[in-house]
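Got the sequence and the 3D view open? Let's take a quick tour, one topic at a time.

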Amino acid sequence: MTSEHYHRAGFFRRLAAIIYDILVAVAVGMCAAMVMLVAMLLLVENNVLNNHGYEHFSDLIQHAPVYQYILQGWVAAWVIAFFLWFWRNGGQTIGMRAWRLRIVSTNENPLTYTRAFVRMLTSFLGLGTLLVLLDYKHKQSLQDRIAGTEVICLSKEANHHRSWRNLN
């Protein structure tokens, strides 16, 4: 069974999956931030990290740009890793699975982490998906065109995990 057996996903189905995935990505970011904040708190309280003269950790986090950048970079890395891992391993994020969508390669090369990262960068935070509205014949987003991928709609049977190995 190959991607030729399925049609490309339309805009509104993709939008629903994007909204779903944004909620999951926010949760991933919140968990990552919590882990980093607890680690930083422990390091500051044990004098491993400098408190820059602030009495309370909350003041330090709010006013020390270096710690803010570390926290923001950590959260961004986890959110990026969330999408890249799911796209590379199975072709579906949680939202895409709920809406029976899957990313597949349009060429014979597998979807690597590099291609997934290019896809992420060229999506412009989801704005590249707007191209699907203009390209109603091919239903390909900007990121799909650049990365050599397509988003297909799966049947209920094909969306089941036991069918993944049969889909290229």
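Predicted model: local features only at pLDDT ≥ 70, side-chain atom pairs only at ≥ 80, totals over all residues.

Helix 1 hands over the largest share, four residues.

**The nonpolar patch**

- The members are Phe12, Leu15, Ile19, Leu23, Phe124, Leu127, Leu130, Leu133 and Leu134, and together they have about 970 Å² of accessible area.
- Where does Phe124 sit? You'll find Phe124 in the loop between helix 5 (113–122) and helix 6.
- Phe124 has a relative accessibility of 49%, so it counts as partly exposed; the cut-off for exposed is over 50%.

**Helix 1, end to end**

- Helix 1 covers residues 11–45, which makes 35 residues.
- At 1.5 Å a residue, helix 1 should span 51 Å, and its end C-alpha atoms are 50 Å apart, so the two values agree.
- Just after helix 1 comes Asn47, which takes a positive phi of about 60°.

**Salt bridges**

- Side chains of opposite charge can pair when their charged atoms come close.
- How many salt bridges turn up in a search of the whole structure? The search finds four.
- One of them pairs Glu150 with Arg8, and their closest N and O atoms are 2.5 Å apart.
- That pair ties together distant parts of the chain: Glu150 is in strand 2 (residues 149–153), Arg8 is in the segment before helix 1, and they lie 142 residues apart.
- Glu150 is buried because its relative accessible area is 9%, and buried means under 20%.
- Arg8 comes in at 23% relative accessibility, so Arg8 counts as partly exposed.

- Asp144 and Arg14 meet through their side chains in a salt bridge, at 3.0 Å from N to O.
- Here too, distant parts of the chain are linked: Asp144 belongs to helix 7 (residues 142–147) and Arg14 to helix 1, 130 residues apart.
- Buried or exposed, what are Asp144 and Arg14? Both are buried.
- Asp144 also forms a salt bridge with Arg119, at 2.9 Å from N to O.
- Arg119 is in helix 5, 25 residues apart from Asp144 in helix 7.
- Both Asp144 and Arg119 are buried.

How values were computed: Residues numbered from 1 in each chain as written. Heavy atoms only, no water. Helix = DSSP H or I, 4+ residues; strand = E, 2+ residues; numbered from the N terminus. Expected span 1.5 Å × (residues − 1). Patch = residues over 30% accessible without salt bridge, like charges linked within 9 Å, V, L, I, M, F, W, Y side chains within 5 Å. Areas by Shrake-Rupley, 256 points an atom, 1.4 Å probe, with all protein chains shown as cover. Buried < 20%, exposed > 50% of the residue type's maximum accessible area, 1.4 Å probe, protein only.
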